[in-house]
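Biologist: Mind walking me through this one, with the cut-offs spelled out as we go? I'll keep the questions coming.

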Amino acid sequence: MPASDSLYHRLFSHPSMVEQLIRGFVPEEVAAGLDFTRMERVNAKFHARDGRRREGDLIWRVPTLSGEVVHIYLMLEFQSRTDWWMAIRVMVYVGLLWQQLIQELKLPAGSPLPPVLPVVLYNGEAPWNAPLDTAGLMGLDPDAALWPWQPSIRYHLIDEGRLGADDLARRDGLVALLFRIETCTRPAELPGLVREVIGWFQGHAGHDSLKLAFGEVVAQAMAALVGGDGPVAVPSGLWEVQDMLSERIKIWERELRAEARAEAKAEMLSRQLRRRFGDLPADTDRLIASASIDQLDTYMDRLMDARTLAEVFPDRKHA
């Protein structure tokens, strides 16, 4: 179960998460020129076409380490589903951001616009298949006479599910752990990932709100992997999440072993019934498949002395 856009919004409202994301998952030459110690959030005042405030993205202003460009603007967009028209959306958002900056900074004619790096962070299950730039959406050959007048913009895609488990395991930091938790498919691996997250927080004090957000991430992953009746309540700390996770996995393992025993008994009962009475009616197969271990034991006991299929299943009129 991927984390929601609102949860990602909270996670990447923390400068340390943004720095780790850019340093670890954006081309190295881009990250190398940025001064993350002086980055700051930008309040995006523009609105979407339906009039609602844009909440899906985060914008950060990051000073550069060179004098050529004073600042760049990071625009983070979070997606749990592929959007074929993402490049158009990004083009609109960048244009609106520039308009806002022109007005707020009172840029005079001739002033250069600050560069923008749009980053789309995608945590959906299916691979992202939308074009990464507006050129991929154009019904026009690049050699066409009209091509130079077509708008052009590109975004950087981070597709969590395609990063590779081994590569993520070699990376340090919370962002890599977030991606590993999000893409984890084996319940037994979750406690180890939680321990790594706890270790990070033990070495980095003063991240209480980020710790709470990671508690939600782990709780959602736990609910998706090990199941349970209803949603998993989010405890106040990751230590509680780890304890709850360990206990839930023990329960899950017991349930899995019981289920395996029931399947084995059901297969044995079906095989013995076919040897005695031939092919079984469909409703008998369904009865066996849905029976509990105690019911299967009862059927096996009856089979020892039964002369007909009806004597094994006396409550079934058509057995």
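Modeller: Accessibility first: buried means under 20% relative accessible area, exposed means over 50%, and partly exposed is anything in between (1.4 Å probe, protein chains only). We're looking at a predicted model, where local features need pLDDT of at least 70 and side-chain atom pairs count only at pLDDT 80 or more, while totals for chains, interfaces and linings use all residues. Residues are numbered from 1 along each chain as its sequence is written, and side-chain values use heavy atoms, with hydrogens and water left out.

Biologist: Big picture, then: what percentage of the residues of the protein count as buried?

Modeller: The protein has 12 helices and 5 strands; these are DSSP runs numbered from the N terminus (helices are H or I, at least four residues; strands are E, at least two). A contact is heavy atoms within 4.5 Å, and among contacts with a separation of 6 or more, 63% join residues 24 or more positions apart. Of the 319 residues, the share that counts as buried is 40%.

Biologist: How many residues of helix 6 are buried?

Modeller: Helix 6 runs over 174-182. Its buried residues include Leu 174, Phe 179, Arg 180 and Glu 182. Helix 6 is largely enclosed by the rest of the structure, because its buried residues number 9 of the 9.

Biologist: And in the largest nonpolar core, which residues have the most contacts?

Modeller: A nonpolar core is a set of buried Ala, Val, Leu, Ile, Met, Phe, Trp, Tyr and Cys residues joined through side-chain atoms within 4.5 Å, and the largest has 48 residues. Elements giving two or more residues to this core include helix 1 (5-11), helix 2 (15-25), helix 6 and helix 8 (208-226). Inside the core, the residues with the most contacts are Leu 11, Phe 12 and Phe 179.

Biologist: How many residues are in the second, separate core?

Modeller: In soluble globular proteins, nonpolar side chains tend to be buried together. This second core includes Met 86, Trp 128, Ile 153 and Tyr 155. Its residue count is 20.

Biologist: With which residue does Arg 10 form a salt bridge?

Modeller: A salt bridge is a side-chain nitrogen of Lys or Arg within 4 Å of a carboxyl oxygen of Asp or Glu, and the structure holds 15 of them. In this pair, the closest N and O atoms are 2.7 Å apart. Arg 10 sits in helix 1 and its partner in helix 8, so the pair ties together parts that are 206 residues apart in sequence. That partner is Glu 216.

Biologist: Which residues are linked in a network of salt bridges?

Modeller: Start from the salt bridge between Arg 89 and Asp 83, at 2.7 Å from N to O. Asp 83 counts as buried, at 17% relative accessibility. The network links Glu 77, Asp 83 and Arg 89.

Biologist: And Arg 171: what is its relative accessible area?

Modeller: Arg 171 meets Asp 167 in a salt bridge (3.1 Å, N to O). Asp 167 is partly exposed at 24%. Arg 171 is also partly exposed, with a relative accessible area of 28%.

Biologist: Last one: what is phi of Lys 106?

Modeller: Most residues other than glycine have a negative phi. Lys 106 is in the loop between helix 4 and strand 4, and is exposed at 67%. Its phi is positive, near 50°.
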